[in-house]
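Hello,

Here is the structure we talked about handing over. My notes on it follow below.

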Amino acid sequence: MKKLLFFIIMLCPLVVFSMGEQGIFVQAYGEADIINNDVQTAKLQAVARAKWSALEQAAGVKVKAQSVVQNAILVDEAIKSEVQGVIKGFQIIKEGQNQGVYWVQINAFVVPSKAKDALGVVSRNTTISVIMPLIFPDGRVEESNPLSERLINELSVQGYDVVDIAGGTNVSVYQLDQALKTNDFLMIRNLAYQYLSNVMLVGKVTTTMTAKEGKNIGYGVSLPYNIVTGRLVYRLITVKRGERVILASGYISGRGMGPSVDDATYKMLEDMSEKVANQLVSTIVSKIKGSAKKIRVVLKNVNDMQKMMEFKNFIQYVSWVLSVQDQGMNALLVEYPEKALYLASAINSRPNYKVIKFSEYEIDVQVLN
């Protein structure tokens, strides 16, 4: 009876928080390695990871948050500065140590709508989601196809994290077609929240059999192959001031010949792929680069040129970093199109670097020996 009364008392702060809010209670688990016998830091990180797990459960989405939750301060800063009142309160109900790992179990009161916003704010940093189905002349639909695979590969080479969402969605080609025709992006916005993408490339390839094998082309000569013409219509969509806006749109065509209709269709995709790789990828890069800002990154405890060069080599390959310029002995000016929080998370995910302070235009980093 005493234990039950104690548990009710422990939950009272959460119940008070819940009044007037459309929230839910969530139990979540988190753990962190104990490094150099620093139990307190491990506990903070375990709690941060449990908070993140609570957000995921409340929002109904799952994201790779390892780089974000490496540092408890970054997680709490993101929650406090970006979306107020996501976790209205929480209590640690169990905790302990096991073979160098500190673990906690928390009971949190979470507002689901704000949790979804918080996940979007923190995680939609370097991801481009791609959905580009192919419609064959006979009406068959192929969600993943050589064109989308080529595009995903080209974007990956450019340093972007690319998600092919075609196989994991219930969106029909008809719904996609209507969204593209009417600019009604409600369905696409829902997809963006599900996959936590900052930029989405949405399009479809329609095909027409222009000429069939055996067709009489004059003088008693029959066409020895099939000819298929394809047309790609696309939209590049992102978020600005909370609204989905079109960064770019376009139309690309291609043509292919083959002994069968499918062969001709794939030949058409090969023809179109070169145009897509050159035209569409350059459009995406230029649109993202056009919105970039400069963030000053300072190594606070470094006067060693070798360590500075090692850090510069690392940061120039971080996703979405567009350029890196030297600024003095221990500082870099980084061209980056997203929030400084995301860049700070990427830096902090490396075991030899620790973010000690950051604002929207400056990040202070300590090099760990």
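**What was found**

Ser 148 sits in helix H5, which spans residues 146–157. This is a predicted model, so what follows describes predicted coordinates. Ser 148 counts as buried, because its relative accessibility is 1% and the cut-off for buried is under 20%. Leaving out residues up to four places away in sequence, Ser 148 touches Met 132 and Glu 143.

On the protein chain as a whole: the secondary structure comes to 10 helices and 15 strands. Of the 369 residues, 47% are buried. The accessible surface is about 18700 Å², and carbon and sulfur atoms hold 51% of that surface. Among contacts with a separation of 6 or more, 64% join residues 24 or more positions apart.

On the nonpolar interior: in soluble globular proteins, nonpolar side chains tend to be buried together. Here the largest nonpolar core has 54 residues. Ile 315, Leu 343, Ile 347 and Ile 363 have the most contacts inside this core. Setting aside neighbours within four places in sequence, Ile 363 is in contact with Leu 343 and Ile 347, and also with Ile 295, Arg 296, Val 297, Val 298, Ala 340, Ala 344, Val 355, Lys 357 and Phe 358. Another core lies apart from the largest one and has 19 residues, including Ala 32, Ala 42, Ala 58 and Val 110.

Met 309 belongs to helix H9, residues 305–315. Is Met 309 buried, partly exposed or exposed? Met 309 is partly exposed, because its relative accessible area is 37%, between the limits of 20% and 50%.

On confidence: the mean pLDDT of the protein chain is 75, and 70% of the residues reach 70 or more. The pLDDT is below 50 over residues 1–19, a stretch that has 16 contacts in the model beyond near neighbours in sequence. Residues 63–70 are also below 50, and that stretch has 22 contacts beyond near neighbours in sequence. Where pLDDT is low, the predicted coordinates should not be read in detail.

Regards

Notes. Residues numbered from 1 in each chain as written. Predicted model: local features only at pLDDT ≥ 70, side-chain atom pairs only at ≥ 80, totals over all residues. Heavy atoms only, no water. Core = buried A, V, L, I, M, F, W, Y, C linked by side-chain atoms within 4.5 Å. Buried < 20%, exposed > 50% of the residue type's maximum accessible area, 1.4 Å probe, protein only. Contact = heavy atoms within 4.5 Å. Helix = DSSP H or I, 4+ residues; strand = E, 2+ residues; numbered from the N terminus. Areas by Shrake-Rupley, 256 points an atom, 1.4 Å probe, with all protein chains shown as cover. pLDDT = per-residue confidence, 0-100.
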